[in-house]
Amino acid sequence: VLAELIETFVSHLSESRSDCYFSTGSYKATDADVKNESLSSVQQLGVEMTVRYGKYLNLLKERAENELYFVLMNCEKFLKQQQRAVVSPLRCLQERCAGYDWFASSVFLIMSGNGEKTLTFLQQFSRLLVSAFLWLPRLHISMHLPITTVESGIHPVYFCSAHHIEMLLKAELPLVFSAFHMSGFTPSQIFLQWITQCFWNYMDWSEICHYIAICIFLGPDYQIYVCISVFRHLQQEILKHTEA
């Protein structure tokens, strides 16, 4: 039901010019284009974990690895069409997006391992503003960003969402904010860990689905509200650990 709901919603928005924040051009996913490509060792490990989790949730069948491989390789090629050529000493700008694509994997599980449906959804979703915040590889060295932002190597989520997390936490949960300050690291570090991993290993699958759905239906600012809510939920634990 969730798959059909977000598919219909995103398909409707992506056809409306006023709702499309990014222009994406056309891309046709084919096996032939990606069969000679290979995933990094980190991505291969991510595929294994995703398939294991999907089978544990009874969402995936056999040959799921091949379908997910197809999705990830085509995502990389699709996003590459929208990337700049950057000359920089920063290693993160000289290679593919670091780490594993947890958002694409989450969508793959929501679509019950259907690679074509997943890719169609991601291509439509990539036109919307919320994709910049939920799908972090979306803006890796992207031509949609000012060149100075690209050359800094800093993802917009760092100076946009993470900044608002710090600001809101200080106003809404001053004790939690102080606890982080005393510990020597920032709430935004935890926030970035959560959203980069799409809350995998932190929330149950149904809650991960709710997080993705809420942000798609209500807008990217709900990513911040969800995280503030989690900090509020964890407040007593955080304060107890601070005292200890």
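In the predicted model, helix H13 meets helix H14 through Tyr-211, Ile-214, Cys-215 and Leu-218 on the H13 side and Asp-221, Tyr-222, Gln-223 and Val-226 on the H14 side. By class, the residues of this contact comprise six nonpolar, one polar and one charged. The axes of H13 and H14 come within 8 Å and cross at roughly 140°. Because angles over 145 degrees count as roughly antiparallel and those from 65 to 115 as roughly perpendicular, H13 and H14 are classed as oblique to each other. The crossing of H13 past H14 is right-handed.

Helix H14, which spans residues 221-233, also packs against helix H12, residues 187-196. Here the axes lie 11 Å apart, and the angle is about 115°. H12 is therefore roughly perpendicular to H14. H12, too, passes H14 in a right-handed crossing. On H12 the contact is made by Pro-187, Ile-190, Phe-191, Trp-194 and Ile-195, and on H14 by Gln-223, Cys-227, Val-230 and Phe-231. Eight nonpolar residues and one polar residue make up this contact of H12 with H14, with no charged residues. Gln-223 of H14 takes part in the contact with H13 and in the contact with H12.

Aromatic pairs were then considered. A pair of aromatic rings is described by the distance of the centres and the angle of the planes. A search of the whole structure gives 16 aromatic pairs. In one of them, Tyr-53 and Trp-205 have ring centres 6.2 Å apart and planes at 90°. As planes over 60 degrees apart count as edge-to-face, this pair of Tyr-53 and Trp-205 is edge-to-face. Trp-205 has a relative accessible area of 14%; since under 20% counts as buried, Trp-205 is buried.

A second pair, Phe-121 with Phe-125, is stacked, with 5.6 Å from centre to centre and 10° between the planes. Phe-121 and Phe-125 both belong to helix H6 (residues 115-125), where they are four residues apart, about one turn of the helix. Both of these phenylalanines are buried. Ring pairs also link Phe-180, Phe-185, Trp-194, Phe-199, Tyr-202, Tyr-211 and Phe-231 into a cluster.

Ser-106 lies in helix H5, residues 102-110. With a relative accessible area of 0%, Ser-106 is buried.

For the chain as a whole, the secondary structure consists of 15 helices and zero strands. Of the 244 residues in the chain, 46% are buried. Among contacts between residues at least 6 apart in sequence, 76% join residues at least 24 apart.

How values were computed. Residues numbered from 1 in each chain as written. Predicted model: local features only at pLDDT ≥ 70, side-chain atom pairs only at ≥ 80, totals over all residues. Heavy atoms only, no water. Axes fitted to C-alpha atoms, helices over the stretch in contact; angles between N-to-C directions. Helix = DSSP H or I, 4+ residues; strand = E, 2+ residues; numbered from the N terminus. Parallel < 35°, antiparallel > 145°, perpendicular 65-115°, else oblique. Left-handed = near helix turned anticlockwise from the far one by under 90°. Contact = heavy atoms within 4.5 Å. Nonpolar A, V, L, I, M, F, W, Y, C, P; charged D, E, K, R; others polar. Phe/Tyr/Trp six-rings, centres within 6.5 Å; stacked < 30°, edge-to-face > 60°. Buried < 20%, exposed > 50% of the residue type's maximum accessible area, 1.4 Å probe, protein only.
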